[in-house]
Amino acid sequence: PLTFNNKPFLMSMATTNGTQLWATNSTNSGQYDSVAVYGDKIIAVGRAYAGGNILNSSNLIEQWSLTGTQLLSLTTNFGLNRTSWLSSVVAIESLDRAYAVGSVINSYETVHAVMLEIDLQNMAVLSVVTNNITNYNNLGFKATNYGKAIATDGVDLYVAVEGPGEGNIQA
């Protein structure tokens, strides 16, 4: 469940028949966009609102126990005047890694898809890949490449990116 308007957002766990086992709030203001389970932990990603401003967000990565205890919380960004968020996450337990995709709006208003590699042992961001397939900014256009979803078969990663294309370019 997601909440908006700068209220703490909810993390909850329910059985397959819908019985809620626990519910608790994050210490951050923002929203979750995706969760993945690995071992006895949950990794949740989304956006943390800077200063309570829903138009200014940073990447949010949180680790929770399966009993509802928040273990770690990390926010990352890509520099000044850049708003970013994470849309989807997968965990590959055998590698002790999670991979999250999202987007960053640059200071010159183009949008780039990003993928983060996260060490599940210490929740450190190990690497960042930015998707700037087509830089229409050089042609006077503002391109959008949104990182939308990620999946894995345990070996390979599959990433869905929206753009560039008709309707994604602003003059």
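Reader: Which residues does I61 touch, not counting residues up to four places away in sequence?

Author: A caution to begin with: this is a predicted model. Contact here means heavy atoms within 4.5 Å. On that basis I61 touches I43, A44, V45, L72, S73, L74, L86, L116, I118, M123 and V125.

Reader: Which residues touch the most other members of the largest nonpolar core?

Author: This core has 15 residues. Strands β2, β3, β6, β7 and β8 each give two or more residues to it. In soluble globular proteins, nonpolar side chains tend to be buried together. The residues that touch the most other members are I43, I61, V89, I118 and M123.

Reader: How many residues are in the second, separate core?

Author: Its members include Y32, I42, A48 and W64. The count for this second core is eight residues.

Reader: Let me step back to the whole chain. What share of its residues is buried?

Author: The protein chain has 11 strands and zero helices. Its accessible surface comes to about 8,800 Å², with 51% belonging to carbon and sulfur atoms. Buried means under 20% relative accessible area. Among the 171 residues, the buried share is 39%.

Reader: Which strands are the edge strands of the open sheet of four strands?

Author: The sheet has the order β6-β7-β8-β9, with antiparallel pairing. An edge strand pairs on one side only. The twist averages 20° from one strand to the next. The edge strands are β6 and β9.

Reader: Which residue in β9 stands opposite L116?

Author: Strand β8 covers residues 111-119. Six bridges join β8 to β9, and the two run antiparallel. Opposite L116 stands V128.

Reader: Is S84 buried or exposed?

Author: S84 sits in strand β6, residues 83-92. Its neighbors in contact include R47, S57, T76, F78 and V104. The relative accessible area of S84 is 0%, and the limit for burial is under 20%, so S84 is buried.

Reader: Which side chain makes a polar contact with the side chain of S84?

Author: S84 touches S57, S58 and N59, among others. The polar contact is given at 3.3 Å, and the partner is N59.

Reader: How far apart are the C-alpha atoms of L66 and D40?

Author: L66 is found in the loop between β4 and β5. L66 has a relative accessible area of 29%, so it is partly exposed. It touches D40, along with M13, W22, V37, G39, K41 and I42. L66 and D40 are 26 residues apart along the chain, yet their C-alpha atoms are separated by 5.8 Å.

Reader: Which residue takes a positive phi in the hairpin of β10 and β11?

Author: Strands β10 (146-152) and β11 (157-162) pair in the antiparallel sense over six bridges. A149 has A160 as its bridge partner in β11. Four residues lie between the strands of this hairpin. The residue with a positive phi, near 95°, is G154.

Definitions and conventions: Residues numbered from 1 in each chain as written. Predicted model: local features only at pLDDT ≥ 70, side-chain atom pairs only at ≥ 80, totals over all residues. Heavy atoms only, no water. Buried < 20%, exposed > 50% of the residue type's maximum accessible area, 1.4 Å probe, protein only. Areas by Shrake-Rupley, 256 points an atom, 1.4 Å probe, with all protein chains shown as cover. Polar contact = N/O pair within 3.5 Å; in protein donor to acceptor, adjacent residues only side chain to side chain. Pairing = 2+ DSSP bridges. Axes fitted to C-alpha atoms, helices over the stretch in contact; angles between N-to-C directions. Core = buried A, V, L, I, M, F, W, Y, C linked by side-chain atoms within 4.5 Å.
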